[in-house]
Amino acid sequence: MAKYIFKRMMYMVIAFIAVSLVTFALMKAAPGSFLSINTYSGGVTAAATQLNASAQVMQTLIKDYHLNQPWYVQYWGYVWGFVTLHMGTSFEYPNQETISIIARTFPISIGLALVSIAIGVVVSIFSGIVAAVRENTWVDSSTMFIAMIGTALPVYIVAVLLMLVFGVWLHVLPVVGFRGPKYYILPVLALSIPMIGSMSRYMRNSLIESLHSEYITTVYAKGGGLRQVILGHGLRNSLLPFITVVGPQLAALMMGTVFIEEMFAIPGMAHIFTTAASQRDYPLIMDSTLLYSVVIMLMNLIVDLTYGILDPRIRKTGYTG
């Protein structure tokens, strides 16, 4: 297992380099730049005035981020700063270090994503079990119909519906801002509902396939009940293909927070990222993108390691995949 983890870590390093190169190239290829936009009418001094920062601060930014040096020097400066956690300051907020901005906003975004995925997984497993046990009945059809609707609705449409129902019509939940746990409810539901729709269908189909297997017939022949069949045998084997679906959902969920944070005015990292992209704030773009990529790769690694926990055959073969 240690060999497998080491191998995966090497893949992650390669993927990290690829992501950083692509991000840097696209960032530089985008029309305009933070400094060119702000110095259009008068150079660094005008940019400093517009940003309410001193010319000395702007000169320091140019020096720290090697903006007057070749691209590979700039690229290495961003990557090395991220790896060593010496990320420097933001262009838009020249008096704040990007690591402090990320430290303030990242917990909000990752908390939103983790709570959403946890609720999505629990509800999907439960609804998938109910539909599979009542296969080809009205319970199965109703559950899958609701799941299909959830899958078809984009995150932002679900968010608007929730805001209308619970915020505008019923006045029971806040729809804007972030001042406590209750502000989490609608954003979490908006992220979870589409995910529940797709994952519950996978769970239902996977469990039905297990329930039709010969070893399940053997369990019944030995006197086992439905509870033993589901919890002792069928569910465990059905979770393997289900977890395969959860991995990509994690990546989609991290991107989904961008819409949700903007719509609910949540001061998370996704909100900061979109602002940085529109303002060509290179340090924030690079650092937030690299952090997202690392988080997604770590989550996928955790998902792969979970295979071994659920299936002894994978542990026995030493994660040869």
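This is a predicted model: local features need pLDDT of at least 70, side-chain atom pairs count only at pLDDT 80 or more; totals for chains, interfaces and linings use all residues.
1. **The length of helix α7.** Helix α7 covers residues 138-152, which makes 15 residues.

2. Which residues of α7 are buried? They are Asp140, Thr143, Met144, Ala147 and Gly150. These residues sit on the same side of α7, because they cover an arc of only 115 degrees around the axis.

3. **What α7 packs against.** Follow the buried residues of α7 and you will meet α6 (98-133) and α9 (182-211), the helices they pack against.

4. **A closer look at α6.** Thr105 is part of helix α6. Is Thr105 buried or exposed? With a relative accessible area of 3%, Thr105 is buried, because buried means under 20%. Beyond its neighbours within four places in sequence, Thr105 touches Pro267, Gly268, Met269 and Ile272.

5. **An empty space inside.** Rolling a probe the size of a water molecule over the atoms shows where empty space is left. Here the count comes to one cavity of 30 Å³ or more, and the largest cavity has a volume of about 30 Å³. Its lining is made up of Pro174, Val175, Val176, Gly177, Tyr183, Pro187, Phe264 and Ile266. Sorted by class, that lining has seven nonpolar residues, one polar residue and no charged residues.

Key. Residues are numbered from 1 along each chain as its sequence is written. Side-chain values use heavy atoms; hydrogens and water are left out. On a 1 Å grid over the protein atoms alone, a cavity is a set of points where a 1.4 Å probe fits but cannot get out, and a pocket is an open set with protein on both sides within 12 Å along at least five of seven lines; lining residues have an atom within 4 Å of a point. Grid points are joined across faces, edges and corners, and a volume is the space filled by probe spheres set on the points. Ala, Val, Leu, Ile, Met, Phe, Trp, Tyr, Cys and Pro count as nonpolar, Asp, Glu, Lys and Arg as charged, and the others, Gly among them, as polar. Helices (H or I, at least four residues) and strands (E, at least two) are DSSP runs, numbered from the N terminus. The expected span of a helix is 1.5 Å times one less than its number of residues. Buried means under 20% relative accessible area, exposed over 50%, partly exposed in between (1.4 Å probe, protein chains only). The arc is that of the directions from the helix axis to the C-beta atoms. Contact means heavy atoms within 4.5 Å.
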